[in-house]
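Q: Please take a close look at the part where the two chains meet, and describe it with care.

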Amino acid sequence: MKRLRKPHDQEKRALVDAALQAQRAGRRWLFVATLLALIGLVVVLPLSRRRPAPPEIPTASLDPAVARVINEGLGRVRAEPKSGEAWGQLGATLMHYEFIKESAMAFGQAHLRAPNDARWYYLHGLLLMNHEPNSALDLLRRSADRAPDTIDMPRVRLAQFLTERNLPKEAEMEFRRLLERDPRHAAACLGLARVLHQQGRGNESIPLLRPALLDPRTRKSANELLATVHWTLGQTNAAQAAVRTAASLPPDTAWPDPYWDEAARTRVGLKQSLEQANALLDSGQAGEAVLLLQATTRDYPSDPEGWYLLGWAYNQRQEFVEGERALQEHLRHSTNSAKGMAQLAVAVLGQRRFAEAIPILESARRLKPTWRELHANLGYACVQTGRLSDAETHYRQALAQDPNHVASYTALGDLLLRRGEWTEGRQILQQAAKLAPEDPRVQSLLKKLP
Amino acid sequence: MPARPAICASTLAMAVCISFAACRPTGPGNPAQTQAWFEDVTARSGLQFVHQVETSGQFLFSETMGSGAAWIDFDQDGRLDVFLISNVRPSSSNYNRLYHQDADGRFKDVSAGSGLESGGFGNGLAVGDVNNDGRPEILISEYDRLRLFLNKGGGRFEDVTAVAGLTNAHWSVGVAFTDYDRDGRLDLVVGNYLDYDSSQRCRDPRGQPDFCGPQGFRPTLIRLFRNIGNSESPTPQFEDATVSSGLSRAPGKAMQIVCADFNGDRWPDLFATDDALPNRLFVNQHDGTFSEEAIVRGIAYTGMGAPAANMGVAIGDVDDDGLFDLFVPHLTEENHTLWRQSARGYFRDVTAQAGLLNLPWHGTGFGTVFGDFNCDGALDLAIVNGRIRRPPAGTPKPKLMPGIEPFWSTYAEPAQLFANDGRGRFADVSAGNPEFCGEALVGRGLAMADFDNDGGIDLLFTGIAGPARIVRNRAPRGHWVGVQAIDPSLGGRDAYGAEVIMRAGTRQYWRLVQPGFSYASSNDPRAHIGLGSNASYDSILVHWPDGSSETFPGGTADRYIVLRRGTGSRSVL
């Protein structure tokens, strides 16, 4: 076997020289590379900060109003590329229309240009909560640290997010920071009580809940949590009482969220208008809903939903002639709309054209046999036109669809009493009274019983 | 306040992080196991079913509901057969299909002449022997009706809905059989969804037409139909007990029903997942009535006190404490929820602790099951996903399952699989299971069964306007036992509601005999227990649906056994 030869001194020196040379060359390259990187940073970074390209958003297929606000936002950042406000507003606009990546990019630019603006960290945090939780947490922290004392929502959201992610110590700390500022801070009381309950410290959570039980923004949730806490502590009666209280309460109102509300102003378009109109109608603000929907039907005249809601809003205001007109327009665009027919019948009944309402209701019922209101209104129309036997059938059908429909029990009970059918009338009205003990009409009918 | 450069640097880093995150392909996470658990055997099994839906192009909400799947041994030959439904007009030529599993393990379409070859806007399925003749019936929940098909033997079924008194014109999805009054006859629970108006049109935030969500539609009632049939007549008879039972007092928007004993009194309770509303738990009061107790028992809301888009439900004891837990998947935009039963009858959201919160990726989950797929003694988790709304702009498109209608491909998402580490913590093993999780579909139904009786749990799943698939379990497995719990006095039917508690060494395993869970589907009624390294078990305790308990002796693993009520030793609890 051939032996390996040891290198001579000369060769050794040559090898060492070569290595040193290579090392020197490497250093030179390193120096050049570092220099280039520095030049790059000096030149490119300011350039990129000076003229960041706004994201490409395809707006052609969007609702024209949505396309308009997006283009306006893009225009603002083109005009004021160094403005954190412009980038932040663009981020918020894009967030609402689910351009997630582009929105995050815009918020990133906003942070660069307005590093102390809590709004953009907050909205950016909300944007990433679901799929980038660690980034979201960091953003929410930044927002909470920068928000003024008067705006507590970033810290509330941060604390809630920490709770959800099973980081109870950090969550508790954030809730306690809110409580240091306001010991009766309802959202913090509720949140901290939840954290303690989850840690098996139910006894500690009950006194904490007190302020939250009274605040309309938290009281339903607080009563529900209280019920769960009592139950786990074996206090079943107290738990059931809290459940009953919670059930009797309306949904909690929203905690003030000025950053979100401000950002939501860029929400426009048909969907937004209809959602807003629905919310107004649900809260009994039919007059405002009419104004909004008049504009909506002007902007989107071929959309049936706007006409339907307008008709419904008029009906709520008992302006049945206008309601009928809007609902006829709705049905022109949506011929098989059971809800449209149902509301049209309400407008017609409101004008005391009882016989005319019956075929409209029949048509609607063929489309939606499960709707209690259709049966009940048919019953009412039949009573008004003297068709009492048919009315009874319709009321019974309404109750077959929904055995909780107090109006149908009441109307059927009334009908039976008028016919002298006291026994069944009493049963029916008692059923109504069980469901709605405070209902004045039920009480007055029950008083008529011999 | 930090110095300006530091802020810029960290902000830049964050922006870079976001941009990388956006580039990262979304989809199931990292594999934790080396060999895939499932292989797709659809083609060689002979199952050629493509779910049909009448896609109107008008984004009708009812089109997104999908349809479930059912395992049913309709001819009692010991091999599970398959029944699959579509969501089509009753007059359609695309009808529901019954597949018989032959001795060679292949599925043959035996729909013709079976009495089941009709269409309908089918959503959910329940399987149960309602007349105690030993043959399981099929119940289909549809958009506007129920249909009960009586199993007459010889592969023939008869629609007896009307004569049985099953009237429900509401849109129903999840349905389940249970003997809530312990009279030996299976009653029917119908999860009605919401009062939908098909003329309602909805849009996405950008103003483009899209499917509606549940908001804005009125909730409906869960219907309870009490079985009042008698032994003289094979035709079942039901009476509507919705009002008398008290179920009418709590309307909701039910998606899936699970019937199990939630409070340990050995009476079946009813749990409903409710879409965007608090879930409902009706606790049996032993007198034909129920009390709604979801809030106090911690299962109405997520741990944050918020309702979610609760769809399917998986039931099983994931942490081996002898108490079952529940997993309910929600929307892509939400986090799924795992409720652990921490004390008898009380549930706690442990999603984060179980490693199921803020997953690298998750979809809109519908069908979901707990099953010990590798028989290591811990229940694993499978979910099929499919969106109900168009995804946000720029969402990466997953690889599609071939055969899905193009319209629906926008809503397709891959399925997911999670391995339980034995302590109730889950790891996403989807990437290692491409034949179950690799191709996206608009997933809805998911039903598990050991269809080839080899001890491994197999999966059958369905998607809207796409092919149904069967994936066969080929996981390296530990020991196992399959238990069929039957009651000879009730025609030998499966004892729905029975709890099977197997003891092996230092461990005990809890299983429920009840095929109604997941989403709109019916599963293998047998209890399957993975034993890990235990080649035998010491004893089996069975709590029968009538409230009695019996203990059966131990035995050797890796086989199916039949436990007959009345043949064990009486257990006094």
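A: A salt bridge is counted here when a side-chain nitrogen of Lys or Arg lies within 4 Å of a carboxyl oxygen of Asp or Glu. By that rule, 4 salt bridges cross the interface of chain A and chain B in this model, which is a predicted one. B:D195 takes part in a salt bridge with A:K368, where the closest N and O atoms are 3.5 Å apart. Polar contacts across the interface of chain A and chain B come to 30 residue pairs, with both residues of a pair at pLDDT 80 or more. Sorted by class, the side of chain A that touches chain B is made up of 23 nonpolar, 23 polar and 20 charged residues.

As for extent, 66 residues of chain A are in contact with 58 residues of chain B. The size of an interface is often given as the accessible area lost when the parts come together. Between chain A and chain B the buried area is about 5200 Å², and carbon and sulfur atoms give 54% of it. Of the area that chain A buries against chain B, 12% is supplied by A:E98, A:N130 and A:W231, more than by any other three residues.

The nonpolar cores complete the picture. The largest nonpolar core has 127 residues, and those with the most contacts inside it are A:I70, B:F436 and B:L459, while helix α9 of chain A, residues 186-198, gives the most to this core, with 9 residues. A second, separate core has 55 residues, including A:L270, A:A338, A:I358 and A:A381. Leaving aside residues up to four places away in sequence, B:L459 touches, among others, B:F38, B:V369, B:F373 and B:F436.

How values were computed: Residues are numbered from 1 along each chain as its sequence is written. Chains are lettered from A and ligands numbered from 1 in the order in which they are written. This is a predicted model: local features need pLDDT of at least 70, side-chain atom pairs count only at pLDDT 80 or more; totals for chains, interfaces and linings use all residues. Side-chain values use heavy atoms; hydrogens and water are left out. A nonpolar core is a set of buried Ala, Val, Leu, Ile, Met, Phe, Trp, Tyr and Cys residues joined through side-chain atoms within 4.5 Å. Buried means under 20% relative accessible area, exposed over 50%, partly exposed in between (1.4 Å probe, protein chains only). Helices (H or I, at least four residues) and strands (E, at least two) are DSSP runs, numbered from the N terminus. Contact means heavy atoms within 4.5 Å. Buried area is the accessible area (1.4 Å probe) that two parts lose on being put together, summed over both. A polar contact is a pair of N or O atoms within 3.5 Å; within protein, one must be able to donate a hydrogen and the other to accept it, and residues adjacent in sequence count only if both atoms are side-chain atoms. Ala, Val, Leu, Ile, Met, Phe, Trp, Tyr, Cys and Pro count as nonpolar, Asp, Glu, Lys and Arg as charged, and the others, Gly among them, as polar.
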